[in-house]
Amino acid sequence: MKSHKTLIATALALGGSVAGSPAVAVELTISCGAVGAELALCEEGVAKWEEKTGHQVDIVSTPNSSTERLSLYQQILSAQSSDIDVMQIDVVWPGLLANHLLNLRDPLGEDAAAGHFDTIVANNTVDDRLVAMPWFTDAGVLYYRKDLLAKHGFEAPETWREMTDIAQEIQAAERDAGNDKMWGYVFQGRAYEGLTCNALEWVASHGGGTIVDADGEITIDNAEAARALDLAATWIGEISPNGVLNYTEEEARGIFQSGNAVFMRNWPYAWSLAQSEDSDVAGKVGVVKLPHGPDGDSAATLGGWNLAVSKYSEHPDLAADLVAFLTGKPEQKRRAIEGAYNPTIAALYEDEAVLEAVPFFGTLYDTFTNAVARPSAPTGDNYGRVSNSFFNAVHDVLSGDRGGAEALTRLDSELSRIKRRRW
Ligand code: GLC
């Protein structure tokens, strides 16, 4: 990423403003995109705003991993640097970053977020300040190979146990038939925020709760949660490659899209790419809700990204205008159709062109609106520590270093220490 911002206010040459150009063109910097087609989609949206306003926008891309992005942003913001005007922030960060972000209701008005899902607006509102505009929402879904399930006589699985068995059988049969690279299941197993999302789905869908409940009580040390993690540990080296312990979203997609996995857990963005012309699995992919445990209901972790304006921006009003443009309906519709990014504007789920491009936006609508939140609200600015402790504990179990029950008892003490000191 750039180390210095070249924030140039270029006065237009003598003669004042040309039609469509401002008298003084400003250069803003936005940090957006990384995973999949995100960067390209952001560039296209930004180019439209530049054309409309005559201002210029520099795009700074970020690391794929949400955990790495967060520490980068925390460094920039705690230095009160004006290097970046607009930042793409994760749905779990408003509480962590609010003090450094502008209240967007000031430049954009009280109705700035009208028409967007209330839950996301509430999530992005800290101490009555709207610190980010919803851009796209996310929820974990199960991708499967329709062709392979049909060939081997299976329906999409409803429980994790069924998924494990089907994965095992198809993997073995396909390997016997000559594809020795075939795996049953790929997901996000690296020790980072993505593993928190995956493991929360396993735990919640076994009836094991959400790590910390809405009142801030630590609930993770329970038998259902331990059972969920122990089941996931059996996948490693069996239906999931050992490498999954270092996979983020994109590594999982790479294996699935090249035709070498039966099932994949990922976010909706993987749909457009899996269906694209250069994909080996185009036309062969189905998407259903994630499986559940014996005593639970399917759970999808709520994800998603928002656009925020740094309090240290030298052009807050213009930066807010860029945010309003990028998060507005036409842009959200374009991103849904071209990239399968879930709109945060409810009306777009009834838009025919959107539903045609991504049919599961309709069939899985309930999954998107009932997704399970990570405990970022009750843990406030400690969420980063809580998630780090959780994904490290889960990673230990997946790596075979510890059983689920032991790992969760240790995690419980660690979270209690964090809570005593800080929340
Ligand atoms: C997706 C989600 C985001 C989550 C991340 C984890 O980008 O939208 O909320 O934190 O994945 O990898």
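1. Ala340 is buried, at 1% relative accessible area. Buried here means under 20%, exposed over 50% and partly exposed in between, with a 1.4 Å probe and protein chains only. Ala340 is not a glycine, yet its phi is positive, about 55 degrees. It is found in the loop between helix H13 (329-339) and helix H14 (352-357); helices are DSSP runs of H or I with at least four residues, strands are E runs of at least two, and both are numbered from the N terminus.

2. This is a predicted model: local features need pLDDT of at least 70, side-chain atom pairs count only at pLDDT 80 or more, and totals for chains, interfaces and linings use all residues. Residues are numbered from 1 along each chain as its sequence is written, and side-chain values use heavy atoms, with hydrogens and water left out.

3. Asp128 also has a positive phi without being a glycine, at about 65 degrees. Asp128 is exposed, with a relative accessible area of 71%. Its loop runs between strand S6 (125-126) and strand S7 (129-130). Most residues other than glycine have a negative phi.

4. Now the ligand. Of the 13 residues around it, Asp90, Asp138, Glu249, Gly304 and Arg374 come nearest; a residue counts if one of its heavy atoms lies within 4 Å. S13 (302-309) and H8 (193-204) each supply at least two residues of this shell. S13 gives the most, with three.

5. For Glu249 the distance is 2.6 Å.

Note on methods: Polar contact = N/O pair within 3.5 Å; in protein donor to acceptor, adjacent residues only side chain to side chain.
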